[in-house]
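Subject: Structure for your files

Hello,

Please find the structure below, followed by notes on what was found in it.

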There are 4 protein chains.
Amino acid sequence: MDEKIPVAILGATGAVGQRFIQLLVDHPWFEIVALVGSDRSAGQKYRDLKWVLDSDPPPHIGKMTVLDPEPGLPGKIAFSALPSEVAKIVEPKFAKAGYAVCSNASTFRETVNIPLLIPEINADHVSMIEKQRRVNRWPGLIVTSPNCTTTGLAMTLQPLHQVFGVKQVFVTTLQAISGAGYPGVSFMDIYDNLIPFIPGEEEKIQSETCLLLGKMVADERIPAEIGISVQVNRVPVSDGHTISIAVKFERTPTVEEAIRVLANYRGLQSTNNLPSAPKNPILVRKETDRPQPRRDRNANNGMSVTVGRIRKCPLLDLRMVSVVHNTMRGAASGSILNAELLVANGFVG
Amino acid sequence: MDEKIPVAILGATGAVGQRFIQLLVDHPWFEIVALVGSDRSAGQKYRDLKWVLDSDPPPHIGKMTVLDPEPGLPGKIAFSALPSEVAKIVEPKFAKAGYAVCSNASTFRETVNIPLLIPEINADHVSMIEKQRRVNRWPGLIVTSPNCTTTGLAMTLQPLHQVFGVKQVFVTTLQAISGAGYPGVSFMDIYDNLIPFIPGEEEKIQSETCLLLGKMVADERIPAEIGISVQVNRVPVSDGHTISIAVKFERTPTVEEAIRVLANYRGLQSTNNLPSAPKNPILVRKETDRPQPRRDRNANNGMSVTVGRIRKCPLLDLRMVSVVHNTMRGAASGSILNAELLVANGFVG
Amino acid sequence: MDEKIPVAILGATGAVGQRFIQLLVDHPWFEIVALVGSDRSAGQKYRDLKWVLDSDPPPHIGKMTVLDPEPGLPGKIAFSALPSEVAKIVEPKFAKAGYAVCSNASTFRETVNIPLLIPEINADHVSMIEKQRRVNRWPGLIVTSPNCTTTGLAMTLQPLHQVFGVKQVFVTTLQAISGAGYPGVSFMDIYDNLIPFIPGEEEKIQSETCLLLGKMVADERIPAEIGISVQVNRVPVSDGHTISIAVKFERTPTVEEAIRVLANYRGLQSTNNLPSAPKNPILVRKETDRPQPRRDRNANNGMSVTVGRIRKCPLLDLRMVSVVHNTMRGAASGSILNAELLVANGFVG
Amino acid sequence: MDEKIPVAILGATGAVGQRFIQLLVDHPWFEIVALVGSDRSAGQKYRDLKWVLDSDPPPHIGKMTVLDPEPGLPGKIAFSALPSEVAKIVEPKFAKAGYAVCSNASTFRETVNIPLLIPEINADHVSMIEKQRRVNRWPGLIVTSPNCTTTGLAMTLQPLHQVFGVKQVFVTTLQAISGAGYPGVSFMDIYDNLIPFIPGEEEKIQSETCLLLGKMVADERIPAEIGISVQVNRVPVSDGHTISIAVKFERTPTVEEAIRVLANYRGLQSTNNLPSAPKNPILVRKETDRPQPRRDRNANNGMSVTVGRIRKCPLLDLRMVSVVHNTMRGAASGSILNAELLVANGFVG
């Protein structure tokens, strides 16, 4: 790539927006040209706003002025870390103005003709973009990345689903605090405690997982028919969602077969050379006490899901535990991988 | 009761032993007359040993000298907080010497003729004691209290089991650090982290729950036939185990029926007047974000189990979440309630 | 006291307001008759507002309706947990309407004629109330309780000051999160971290300490002339401020003399029989690793300050460490003790 | 350097030993050729021992067999993370066998003729090595790195000492848990708590700081004459010691002068090109709420000390706060920088 592709970040001042900045600063294909904020932040220098991640924002980013969320900005791709109500209005405006919007918001994840993507497992869902453009008369487009927990669950299930057919899934999650954004959860609520509820989360995990594992028939997405029961929990861990999973299959694998399928999984071949794609989307650990969020969340720059404790389930077929980095693979990095997929497939230009 | 019953504490220097002391100091029926330690601690004043709970040991306890684990001590009841390998040798010695041993160790929980007790739900299991004494030629006896997590699970299930018949249970636990004793878990292992494994725990929860919900036929205990699948997790919470539960019943209750049965549960009538028995063994909370370990573990002095998030399960019948105080109801207080049951039934004296 | 004195709580819905409720529910002298909130909460049932402390609000409190901050409410005493800008307007209104306002706000702590009180150490400062009433033409009055950290510092210094004369004090604090109220500090800011700054705190500790240790000459308060250097830190502890102190005296005591003076301190005799006054305002611990916030904050219901590590300082005279419960002695309980002092001195009628 | 210098790690299985491995794996000058453990670990494959850091040990290290602490091993430099009693015996044995021992143990830090080094501030102290070798008849040598907190303190003071002359220092520390090694501090002791004591720590900080800031006269080290008063605290933070400092100088600088001196400090020129030396040994932050351990500990790979809150002190001259990464600069990385200094000065060969 001779010249980098100019990109804008929508919602650049929040926690996920800052992750986008961190990850895009040295990206081989993309170059940040616009930071878009809200009425409150627009007009300010980026360095004068609160930086909530560790270390500091890159100096040249700090000097940029935060812009209003109005199209007409430079950039071909718009990464969106907008709140869902704002995304509803702003993202279509940018698609209409010609941007490829790679959204991390939940707004359009379940909307017809808008792909919900984890490239390794369903890159072919981009085929619905053509109809999206036609129907909406957009020169640009919108693609979405799933809920952070859904990402870890769907990546764990898809390799097994292809081979053995997933029928039922029992899920209990132990989710990190960063998933609630900033300031998010008060120390006074979560210290020496956990909270067995996150609004809307259980529903999203159920429906998004079926969309992700669904099949394209012509340009129509047919969701997978999987029964999913979910209980979520917020736990005092900063980053890294842990997912306890039990699965019933069409054809019951042995523990060894399941391990082999997961450990050998490389994702759809078309995505193997994308810059952010990890060599192994799934890492299998065999120690009895892994995966653990602090020790495993950063595997392959936070892009791999680590699976362990794979064993027989007394009720369904198998139990296992997955850890996914919720703000990397499960948020900003996931959207960046989506953008790379769009570029590789000629949707940006 | 004119005079208090003299009691000994075996394993008096560990974390659970210290809880026994805290709870027995003002007990209306019992009076501590002996603190029994290991070779390492025997001979020392109690106040010279490390006290790991908050506040201080009661002054008159601090003056007592720690004794060797040899029968011949004063006392009619021996509360045991011994490690399981030590319990294997010491507890039968004390039963042989005439003590009613109320054990918190796992050693004899699944042994034939030794009751595993949660008085409210299976006080009738004491009927196996007669055979225990006969077979072993013990003037004393041994009763055991279950694993801390099992306690919370069995108390949640039993009211429902009686009415609707429990067939299958999916369990994922989020267990507090104090369950690992002292020094237990290193800060370096658990800070900003969780560990999806506790050795032997999943097996204990499966087998002990079936024993607790079992029925006495003549003087034989017939375990309940319930399929149980368990995934445990250690989380950075000090006290209070949280249990995510999904249940399939013989006869499916509505959510309202289940709530009514749990909220109205009072336990076996014969236990209602025991000093440590809470009025409501089960508390039902209807807020969407409860129960929480820090906010609910101390309900009724840590003796009630709090259940919330009772709702339909897309796969089985119902999902719910329980919190139990693992070192109170799930350990020391549970054994004290067992001792009260023995006294009320004439087994001590 | 035949009948309880009716009291109102201003700012009843915040974290300190809730502590007032917890502490006043069973108070021997006082009875809550009004809960006063802000525009946002007024008109609602108290039980429908978020309760941030552990356990639940007392049921009869839950049924009360939150009122507007307008005088004309029932009650003779008004406990104020108002934000300082609001206190500025509301507290004088209540004093004018005849209430004895016992304020926890910082607004009037350093105002002439308004006592800043820790009864055990400066109960005689109430003598400025007469002039306060005269000047302002208030039938009621305002008294204030100091900043939470100042409370622990002043209580530690006063016994020594009386005997040896404090000249210089070096202070470094390690302050609990609850001091920032609710929601207060975000988990994302403080997990695995500490923050070496709290706005305005260092200044308050310097000036308030000198006022508290000051002397009444006629009805004028002459602040103590003590040089104080403070560095504050917010640390990930829920309750209990730890204060590292080094002191230079007019007359250098030995370590043993200092321990004796602190351990024998009983506070001004006139306060000894107030219901909330602890027998020992100061507890001295001799273990090398005490005081610790979690283990010592609740000493005497959170009303005693625990002092330890008393030793020679290579630069000044002595070093020591104090722990004070910041939301009990350092906030709500402190104001209640002030109210008891007012009643005992005939200021409430 | 054509060929890498072979190095051994003594105490390779502990927390600091593992940091040595992490840091040396890609070192431009050094190559690990021997991992030395205790009787307990010797003979095992390194990968079969518990790895306590995040991520995994490098695979080729995992395959190495842990050796007995006997000289005769390959390697020219021995990095020591030994416990101090073991270091006392083993380190001289290795020096006698020709190794340059770069020790992190406290054993010989205050021993005559053995340099205590932070290269940027006192690289010239290596001049005492000649005498060390002569007196002990060692073909090898021993150099030591200071206590982790001392490192942060001495690096903060030295630039100011050179220009303004440090006379008195008041120190209160807030130290991370990793400083206690592994398993170190129990979660049950430190959760929601802090501990105002670490055995021996206050004494070390006082004496080592004077040695580090001392001057070489001929081949004799003359300690700096600085009065130091220290209070240490262990706080629930994983890595990164925070040090609250107040200083009195010979010649009082303004705040701006102090900031300028610290910000411009580059350390002794002879050390500027060592591979592990940061460009700025000191970073000055001007935000009111910095430095913070989690946000600042990793500055320049954990090799820079971050100083903030520089301001007038009401009693001495200036107050400030420093953060140092205790297991990087304050332990393993510090010893590696010492080794680089020895190589650059021709002591290894």
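Four bridges join strands β3 (residues 77–80) and β4 (residues 100–103) of chain C, and the two run parallel. Within this pair, C:A78 lies opposite C:V101 of β4(C). Strands here are DSSP runs of E with at least two residues, helices are runs of H or I with at least four residues, and both are numbered from the N terminus. Two strands count as paired if DSSP finds at least two bridges between them.

This is a predicted model, in which local features need pLDDT of at least 70 and side-chain atom pairs count only at pLDDT 80 or more, while totals for chains, interfaces and linings use all residues. Residues are numbered from 1 along each chain as its sequence is written, and chains are lettered from A and ligands numbered from 1 in the order in which they are written.

The sheet in chain C

The pair β3 and β4 belongs to an open sheet of five strands in chain C, with the order β2-β1-β3-β4-β5 and parallel pairing. Its edge strands are β2 (30–36) and β5 (141–144) of chain C, each of which pairs on one side only. From one strand to the next the twist averages 25 degrees. Helix α12 (residues 328–344) of chain C packs on this sheet and touches β1 (5–10), β3, β4 and β5 of chain C. The direction of α12(C) makes about 150 degrees with that of β4(C). Axes are lines fitted to C-alpha atoms, for helices over the stretch in contact, and angles run from 0 to 180 degrees between N-to-C directions. Residues are in contact if their C-beta atoms, placed from the backbone, lie within 7 Å.

Helices α1 and α12

In chain C, α12(C) also packs against helix α1 (residues 15–24), at an angle of about 50 degrees and with the axes 9 Å apart. The two helices α1(C) and α12(C) are therefore oblique to each other; angles under 35 degrees count as roughly parallel, over 145 as roughly antiparallel, 65 to 115 as roughly perpendicular and the rest as oblique. The crossing of α1(C) past α12(C) is right-handed. A crossing is right-handed if the near helix is turned clockwise from the far one by less than a right angle, and left-handed if anticlockwise. On the α1(C) side the contact is made by C:V16, C:R19, C:F20, C:L23 and C:L24, and on the α12(C) side by C:A331, C:A332, C:S333 and C:I336. By class, the contact of α1(C) with α12(C) has seven nonpolar residues, one polar and one charged. Ala, Val, Leu, Ile, Met, Phe, Trp, Tyr, Cys and Pro count as nonpolar, Asp, Glu, Lys and Arg as charged, and the others, Gly among them, as polar.

In chain D, the axes of α1 (residues 15–24) and α12 (residues 328–344) come within 9 Å and cross at roughly 50 degrees. The crossing of α1(D) and α12(D) is right-handed. Here D:V16, D:R19, D:F20, D:L23 and D:L24 of α1(D) make the contact with D:A331, D:A332, D:S333 and D:I336 of α12(D).

In chain A, the axes of α1 (residues 15–24) and α12 (residues 328–344) come within 9 Å and cross at roughly 50 degrees. The crossing of α1(A) and α12(A) is right-handed.

Chains C and D

The contact between these chains takes 33 residues from chain D and 33 residues from chain C. On the side of chain D that touches chain C, the elements that give two or more residues are β6 (166–174), β9 (227–231), β10 (241–249), α10 (293–296) and β13 (318–324) of chain D. That side of chain D has 16 nonpolar, 12 polar and five charged residues.

Copies are superposed by least squares on the C-alpha atoms of residues with pLDDT of at least 70 in both. Of the interface residues of chain D, 100% are also interface residues in chain C, so the copies meet through the same surface.

Chains A and B

Here 33 residues of chain B are in contact with 33 residues of chain A. The side of chain B that touches chain A divides into 16 nonpolar, 12 polar and five charged residues. Chain B is superposed on chain A by a rotation of 180 degrees with 0.0 Å of shift along its axis, at RMSD 0.0 Å.

Regards

Definitions and conventions:
Contact = placed C-beta atoms within 7 Å.
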